[in-house]
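Open the model in your viewer and keep the selection tool ready. This tour starts inside and then steps back to the whole chain.

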Amino acid sequence: MKKTYFMLLFFVPYFVFSQEPLKRTKKILYKHERNFGVNVHSLGWGVHCRRVWNDNVKWQHFLELDIVSMKHPKQVKTLNTFFSDSKGYDYGKQNSTFLLRSGFGKQLILFDKPDFGGIMVSAVGALGVSLAFLKPVYLEILYTDDITNEFYVETEKYNPIEHSPYNIYGRASYFKGFDEMQLQVGSYLKAGFSFEFSKKDDVIRSIETGVSLDAFKVGDNNIVGDALGKELPVMAITKNKKTFFSFYINMNFFFGKKW
C-alpha cells in the first residue's frame, strides 16, 4: 500500500503539468460600441442609450441620450377613501415631468477583463443639456347633481385653490394635456462606475451605477429669464426645487454591441 501511494505521488505531478494549457482567444480592441437599456433612479425611471468610441486601451468617449421621468421628492400617492373605486393620484402635483438628457462623457477602464473572461470595471462621467417637458396634471373632480343629488365627475386641470382631497375622485388619463406641454431648459452632471460582464468580447452586458444632478436654476439669471432662471414647477402646494439629485442604475442586458 505504501508503495502504491509513493507511485501516485510521483506520477500525479507529471500528469498535471503535462496537461495542455488553457487556450485563450486573442483579445480584440474594438473601436466602436453601442448600448441601450433601462434606467432606474431614486426619482423615477426611463431608458438610456449610448454611442461609444474607444480612444485607446484605457480611455473611451461617448454621446448619450436619456429619457426619464422625474418626480418631486415630496410627492405622495393618495386616494379618496370615501369611494372604494377611486383612482390614486399625487395630491398637489401640478405637472407630470420627464427629462430628455443629451450629453458627452468619458469612460476610464480601471480593471480590464482577463483574456478568459471576468468583469471590466470603468469610471464614468458625463455632462450635457437636460430638457424638462412639463405636462399639466388633469384630475377627475366630484360634483353633485342638484336634481338627483347623485355624484358625477368632470375632468379638469388641477387647481390647488378649487380642488381638495374631498372633491378629487382620482387621476384622469395620463395623455390628457399633452397639447399644453411646456419646456424648460437645464443641465446635468453624472458620475458612476460601470461593470461589464459579458462572456463574449463583441457583446455588452453591463450594470452602471452612480449619481446624477439635474439643475434648472443656478442663481439669478436676468439675461435669459425663465428659460434658465426658475425652479421646475412640479408641485403646486410644496416649494419646488431647482436641482434634483438622484442615484441611478443603468442596466444593459440585450442590445449592447461592439465592432
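Select Glu33, Asn35, Gln107, Ser194 and Ser206. Of the 13 residues that line the largest cavity, these lie nearest its centre. A cavity is a set of points on a 1 Å grid over the protein atoms alone where a 1.4 Å probe fits but cannot get out, and lining residues have an atom within 4 Å of a point. This is a predicted model: local features need pLDDT of at least 70, side-chain atom pairs count only at pLDDT 80 or more, and totals for chains, interfaces and linings use all residues. Residues are numbered from 1 along each chain as its sequence is written, and side-chain values use heavy atoms, without hydrogens and water.

Next, colour β1 (32–41), β2 (44–54), β11 (182–196) and β12 (203–215). Each gives two or more residues to the lining of the largest cavity. β12 supplies the largest share, three residues.

Now colour the lining by type. Three residues are nonpolar, six polar and four charged. Here Ala, Val, Leu, Ile, Met, Phe, Trp, Tyr, Cys and Pro count as nonpolar, Asp, Glu, Lys and Arg as charged, and the others, Gly among them, as polar.

Zoom out and show the cartoon. The protein chain has one helix and 13 strands. These are DSSP runs, numbered from the N terminus: helices are H or I with at least four residues, strands E with at least two.

Finally, colour by burial. Of the 259 residues of the protein chain, 36% count as buried, meaning under 20% relative accessible area with a 1.4 Å probe, protein chains only.

Terms used:
On a 1 Å grid over the protein atoms alone, a cavity is a set of points where a 1.4 Å probe fits but cannot get out, and a pocket is an open set with protein on both sides within 12 Å along at least five of seven lines; lining residues have an atom within 4 Å of a point. Buried means under 20% relative accessible area, exposed over 50%, partly exposed in between (1.4 Å probe, protein chains only).
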